[in-house]
Amino acid sequence: MGVLRFPNPGSDLTRVVHVFSLMSREFDESEFDLDDMTTVATRSLQASSVGAQGQRAVALSTRDDRSRDPLYNQMKMYSELYRMLGFMRPFEGKRQSFSITELGHTVSDWYWARRQPEWSGLLGQAILATVFPNQTTENLGVSNQRPFVWLLSLMGRLDNVITRHEMISGLLAITDDSDSSAMERAVNLIRRNRGKARIKSVDAAKQIAETNGVQLNTLENYTRFPVGVLKSSVLNWGIDERRTDLFTDRGAVSALVLTPRGQELARSLSEAQDVRLSDLNGLSVEERALFAYWAY
């Protein structure tokens, strides 16, 4: 078994791009590591530790065991997110040293130029292009998944609405989207629990947590970035709504609902050709170069 694991340094996409753009401007073409990222983030007051900022935060955060260093772990999550989006890559095969990609520099340049439609549009494309497995990040147990295209398609099949616990059952638990029956199973599981007490949906998510040997709140944390994507005003794919029509409990439940723009995007993606790395591996260098030029 396995589940999709999304890094969660923050769910505000504008801030995510802002912090990245600070890194891009600072490091340009040079090699950098997590400690370098910490220096930039704390100096710019974009990261804190134990309620402190700047050098005081670094001093309070630093541990002999780096795995227990809060700022180090925060920068590690940022690096995982930026590699997932294609903004950074490992530097010459090193695990914890990085460089900025051409895509990352372009997003950063447009961000500093205040060209919001351009950088947010390119960010949206990077999110849709995210696929596991890939060459720059790991997601153990996931054999084949383009998560955000899947999520939009799933919501389209569910009357354009999904809750956080349904996202665990219908997105995080799907590790192979090439399985022709996977979407139908996810839709049926979620629909079976709608129109009943909300606890049924929560129990389905708990079962996935137990099967994978993690706590439910761990899986809830993994939904924060997808929820942030759907709620982001710069993308306008979805909005947060209080709904009373999904379950039989009294009171409203928080749900994510596709906007008209999100619905149109979901429809257009269903007609698009999904090209994965495995489709390109059999091509010659010249053919791959032509494909890369065409895609760019």
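**View 1. Lining of the largest cavity in the predicted model, by residue class.** The residues lining the largest cavity divide into 3 nonpolar, 3 polar and 1 charged. They are Glu166, Ser169, Leu189, Ile190, Asn193, Ser201 and Ala204. Two or more lining residues come from each of α8 (164-172), α9 (182-193) and α10 (199-211). The largest share, 3 residues, is supplied by α9. The volume of this cavity is about 40 Å³, and the count of cavities of 30 Å³ or more is 1.

**View 2. The second largest pocket.** The space in the second largest pocket amounts to about 650 Å³. It is lined by 23 residues, of which Glu80, Arg83, Thr137, Glu138 and Asn139 are the closest to its centre. Helices α4 (70-85) and α11 (216-222) each give at least two residues to the lining of this pocket. With 5 residues, α4 makes the largest contribution to that lining. By class, the lining of the second largest pocket holds 8 nonpolar, 8 polar and 7 charged residues.

**View 3. Crossing of helices α7 and α8.** A helix pair of this kind is described by the angle between the axes and the distance between them. The axes of α7 (residues 147-157) and α8 come within 10 Å and cross at roughly 120 degrees. Angles of 65 to 115 degrees count as roughly perpendicular and those over 145 as roughly antiparallel, so α7 and α8 are oblique to each other. The crossing in which α7 passes α8 is right-handed. Helix α8 is also one of the elements that give two or more residues to the lining of the largest cavity.

**View 4. The cis peptide bond at proline 133.** The peptide bond that runs from phenylalanine 132 to proline 133 is cis. Its omega is near -5 degrees. Proline 133 lies in the loop between α6 (116-129) and α7.

**View 5. Backbone at aspartate 28.** Aspartate 28 is not a glycine, yet its phi is positive, at about 50 degrees. This residue is placed in the loop between α1 (13-27) and β1 (32-33).

**View 6. Confidence in the prediction, with helix α3 and strand β4.** The protein has a mean pLDDT of 91, and 93% of its residues reach 70 or more. Confidence is lowest in helix α3 (residues 54-61), where the mean is 60. Strand β4 (residues 161-162) has the highest confidence, at 98. Where pLDDT is low, predicted coordinates should not be read in detail.

Definitions and conventions:
Residues numbered from 1 in each chain as written. Predicted model: local features only at pLDDT ≥ 70, side-chain atom pairs only at ≥ 80, totals over all residues. Heavy atoms only, no water. pLDDT = per-residue confidence, 0-100. Helix = DSSP H or I, 4+ residues; strand = E, 2+ residues; numbered from the N terminus. 1 Å grid on protein atoms, 1.4 Å probe; cavity = no way out; pocket = protein on both sides within 12 Å on 5 of 7 lines; lining within 4 Å. Points joined across faces, edges and corners; volume = space filled by probe spheres on them. Nonpolar A, V, L, I, M, F, W, Y, C, P; charged D, E, K, R; others polar. Axes fitted to C-alpha atoms, helices over the stretch in contact; angles between N-to-C directions. Parallel < 35°, antiparallel > 145°, perpendicular 65-115°, else oblique. Left-handed = near helix turned anticlockwise from the far one by under 90°.
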